[in-house]
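Hello,

Here is the structure I promised to pass on to you. Have a look at it first, and then read my notes below.

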Amino acid sequence: MYLSDMHTHSIASGHGTVCTISDMAKAASARGLKLLGITDHGPGTLAAGTSSYFRSLTYSPKKRFGVELLYGIELNILDMDGHVDLEEELLSKLDYAIASMHTRNCRPGTREENTKAYLNVMKNPHVKILGHCDDPHYPVDYEALARCAKEQQVMFEINEASLAPYGYRGDTTANNREILRCCVKYKIPIVLSSDSHGTEHIGDFTYAADFVHEMMFPESLIYNNQIPKLKVFLQTR
């Protein structure tokens, strides 16, 4: 059992999700989580959180239903220069940021172009997790990403929604295998993430956990249960 889920989405992410942050925290508590990250999509996503929404998170309760909450964002990478869809002033008020590529915001490029986008976004000190960079629509050089992640103190996620049968990214197995290989080589931590839109999949790492265990990935580099270490990592600029 894992105790934290750092990639989840509430009603503020759009996509038809109707669950509030309180709904999310209540579900996390029922599933035994101790730490929940709310990472709604940035303003570049249709019907997602506005700048005022992310500003208001500063004043939101840090504990609900016995679950500690961190308030972050899943940023949209907008171009190969690594520009994102929330300004520095607001990013600095959030606990951490995930940076991801989505086709509506950044069309897939060549392997070199996609790699460049991730390398550039990791220069942003608020970006602490690369979101679903296993997406086969965005081929990348994982060795280059890992070297940069090690230098910039960024972690990878193993995304449940990428590996589960209900996922829509295609076959991500080979890419996730390569991510784990590079993380072992460079001693980079990972988190298992549900990417739950609403409460349905919060804390559900069924396929992600099976995958990392089959790969014999070291538990010492999986930070979901190392909550003090995880919080320090996410909040170190």
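**Around R64**

Leaving aside its neighbours within four places in sequence, R64 is in contact with I21, S22, A25, L69 and Y71, where contact means heavy atoms within 4.5 Å. Before going further, please keep in mind that this is a predicted model, in which local features need pLDDT of at least 70 and side-chain atom pairs count only at pLDDT 80 or more, while totals for chains, interfaces and linings use all residues. Residues are numbered from 1 along each chain as its sequence is written, and side-chain values use heavy atoms, with hydrogens and water left out.

You will find R64 in strand β3, residues 63-64 (strands are DSSP runs of E with at least two residues, helices are runs of H or I with at least four, and both are numbered from the N terminus). R64 counts as buried because its relative accessibility is 16% (buried means under 20% relative accessible area, exposed over 50%, and partly exposed in between, with a 1.4 Å probe and protein chains only). M24 sits 40 residues away from R64 along the chain, and their C-alpha atoms are separated by 9.4 Å.

T17 belongs to the loop between β1 (4-9) and α1 (21-30). With a relative accessibility of 10%, T17 counts as buried. Beyond its neighbours within four places in sequence, T17 is in contact with H9, S10, I11, H197 and G198.

D85 is in the loop between β4 and α3 (88-91), and D85 is buried too, at 11% relative accessible area. Which residues does D85 contact, leaving aside its neighbours within four places in sequence? They are G42, P43, G44, T45, L75, N76 and L78.

**Two residues with a positive phi**

Most residues other than glycine have a negative phi. A47 is not a glycine, yet its phi is positive, at about 65 degrees. A47 lies in the loop between β2 (35-41) and α2 (51-56). Is A47 buried or exposed? It counts as exposed, because its relative accessibility is 61%.

M216 is not a glycine either, and its phi is positive at about 55 degrees. Look for M216 in the loop between α8 (206-214) and α9 (227-235). At 72% relative accessibility, M216 counts as exposed.

**A pair of helices**

Helix α4 (residues 111-121) packs with helix α5 (residues 142-152) at an angle of about 5 degrees, and their axes are 10 Å apart (axes are lines fitted to C-alpha atoms, for helices over the stretch in contact, and angles run from 0 to 180 degrees between N-to-C directions). That is why α4 is roughly parallel to α5 (angles under 35 degrees count as roughly parallel, over 145 as roughly antiparallel, 65 to 115 as roughly perpendicular and the rest as oblique). On the α4 side the contact is made by T115, Y118 and L119, and on the α5 side by A144, L145 and C148. By class, this contact of α4 with α5 has 5 nonpolar, 1 polar and no charged residues (Ala, Val, Leu, Ile, Met, Phe, Trp, Tyr, Cys and Pro count as nonpolar, Asp, Glu, Lys and Arg as charged, and the others, Gly among them, as polar).

Happy exploring!
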